[in-house]
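Thanks for coming. Please look at the structure first.

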Amino acid sequence: MSSTIRETDLGTSKITPLPARAAANAPMPQAHGIARNPGMRLDLGFMESMRSVNRSALERRVASLTKRRSIKADNQAAWLLRAVACMDLTTLNSNDTEERVRRLCAKAVNPFRRDIVEGLGITGEKIRPAAVCVYHPFVATAVEALRGSGVHVAAVSTAFPHGLAPLSTRLQEIEASVRDGADEIDVVIPRGLVFGAKWQELYNEIVSMRAACGEAHLKVILGTGDLATLRNVMLASMVAMMAGADFIKTSTGKETVNATLPVGLAMVRAIRAYFEETGYLIGFKPAGGISTAKASLDWLVLMKEELGRPWLEPELFRFGASSLLTDIERQLEHHLTGHYSANHRHAMA
């Protein structure tokens with residue numbers, strides 16, 4: 001990538017007036033309403049101001065977060081329950097079937113064994129994953145299985161996981177998933193547009209995807225493991241938010257390297273900069289490789305320290321996970337009994 005933003009026609013990047021700046025960690029009521037991000041015109045000048053990323057500084061910050069925070073006993077159990085509430089329970093396998101999806105939805109509705117629920121004293125509390133995430137052919141199945149539960153249905157669309165189909169085909173897939181009942185759409189960007197610094201083309205594609213989603217919320221997957229540099233991650237994050245993304249997401253889970261804390265820190269700082277510039281709150285979703293309760297705590301601490309309490313709600317933070325719930329359930333049982341149980345006692349699907 002060159003030393004300056006390549007698309008230099010800044011004269012076309014005028015911005016309509018936006019709300020006054022506000023600190024990202026300013027206190028907010030827990031029941032705050034979240035105005036949906038309308039996007040803004042592509043502002044290459046704003047992107048230029050965000051392009052310098054200090055990897056070593058990010059890595060030092062991440063190391064300090066994970067080492068100095070120790071969450072134990074009842075507090076740890078509470079944080080793990082929060083992790084479950086912020087989870088997109090996911091199955092994206094080549095051998096998925098309708099029955100497998102139905103079983104996963106049943107797990108989402110009842111994520112814990114009864115003895116764990118009673119031991120924690122949360123009987124009557126609806127602590128469930130925020131969404132179930134599936135391929136398009138299983139959207140209707142998931143919608144029917146989750147009807148009335150309050151658990152959302154997310155569909156991965158746009159030629160997941162590579163995003164290399166024609167744009168018209170990708171938009172048709174989004175529209176088909178919305179028709180089948182998906183209320184969240186996880187889309188993939190073509191990584192080549194980032195490598196070529198084709199920011200206007202990338203922006204236009206995401207704007208079209210946002211329009212195809214209608215009322216369904218748009219999560220834009222950057223495929224950070226494929227983007228090579230944190231600078232690319234930062235700039236792609238900014239373009240996605242300017243184009244109207246409701247969430248930005250690290251990975252498909254299919255890359256060689258998926259969600260890592262330094263990449264996550266770069267993305268949440270992009271979210272903070274966008275919020276300070278526009279006043280709109282953007283969600284964040286790390287996905288891929290987050291399979292242990294300890295890892296989920298690291299991510300929750302990162303969100304709390306960098307963005308504040310509002311970003312510990314499922315409206316603004318999600319884990320993309322397939323096996324994380326199993327380890328969290330095992331940790332909660334250990335909290336109650338002092339013993340770890342076998343994974344098969346916490347079946348997923």
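Start with C105, which is buried because its relative accessible area is 1%, where buried means under 20% relative accessible area, exposed over 50%, and partly exposed in between, using a 1.4 Å probe and protein chains only. C133 also counts as buried, at 1% relative accessibility. The structure holds 0 disulfides, a disulfide being a pair of cysteine sulfur atoms within 2.5 Å.

Some housekeeping. This is a predicted model, in which local features need pLDDT of at least 70 and side-chain atom pairs count only at pLDDT 80 or more, while totals for chains, interfaces and linings use all residues. Residues are numbered from 1 along each chain as its sequence is written, and side-chain values use heavy atoms, with hydrogens and water left out.

Next, the cores. A nonpolar core here is a set of buried Ala, Val, Leu, Ile, Met, Phe, Trp, Tyr and Cys residues joined through side-chain atoms within 4.5 Å. The largest one has 107 residues, and F112 and W199 have the most contacts inside it. Helix 11, residues 261-278, gives the most to this core, with 11 residues. Helices (H or I, at least four residues) and strands (E, at least two) are DSSP runs, numbered from the N terminus. Another core lies apart from the largest one and has 7 residues, among them L92, C133, V156 and F160.

Now the strands. Strand 5, residues 217-221, is mostly covered, with 4 of its 5 residues buried. Strand 4, residues 184-188, runs parallel to strand 5 and is joined to it by 5 bridges; two strands pair if DSSP finds at least two bridges between them. In that pair, I185 stands opposite L218. Strand 5 is also parallel to strand 6, through 3 bridges, and there V220 stands opposite I248. From strand 5 the chain passes through helix 10, residues 230-242, to strand 6, a right-handed β-α-β crossover. Right-handed means that, with the strands pointing away from the viewer, the path from the first strand over the helix to the second runs clockwise.

Two loop residues follow. T250 sits in the loop between strand 6 (247-249) and helix 11. Is T250 buried or exposed? T250 is buried, because its relative accessible area is 0%.

D226 lies in the loop between strand 5 and helix 10. D226 is partly exposed, because its relative accessible area is 34%. Leaving aside neighbours within four places in sequence, D226 is in contact with R191, F195 and E255. The C-alpha atoms of D226 and F195 are separated by 9.9 Å, and the two residues are 31 apart along the chain.

Last, two helices. Helix 7 (residues 167-179) has 13 residues and reaches 18 Å from its first C-alpha to its last, close to the 18 Å expected at 1.5 Å a residue; the expected span is 1.5 Å times one less than the number of residues. Its buried residues include R170, L171 and I174, and what covers the buried residues of helix 7 includes helix 6, strand 3, strand 4 and helix 9. Just after helix 7, G181 takes a positive phi of about 115 degrees.

Helix 12, residues 293-306, is mostly covered, with 10 of its 14 residues buried, W299 and E306 among them. G308 follows helix 12, and its phi is positive, near 100 degrees.

Definitions and conventions:
Contact = heavy atoms within 4.5 Å.
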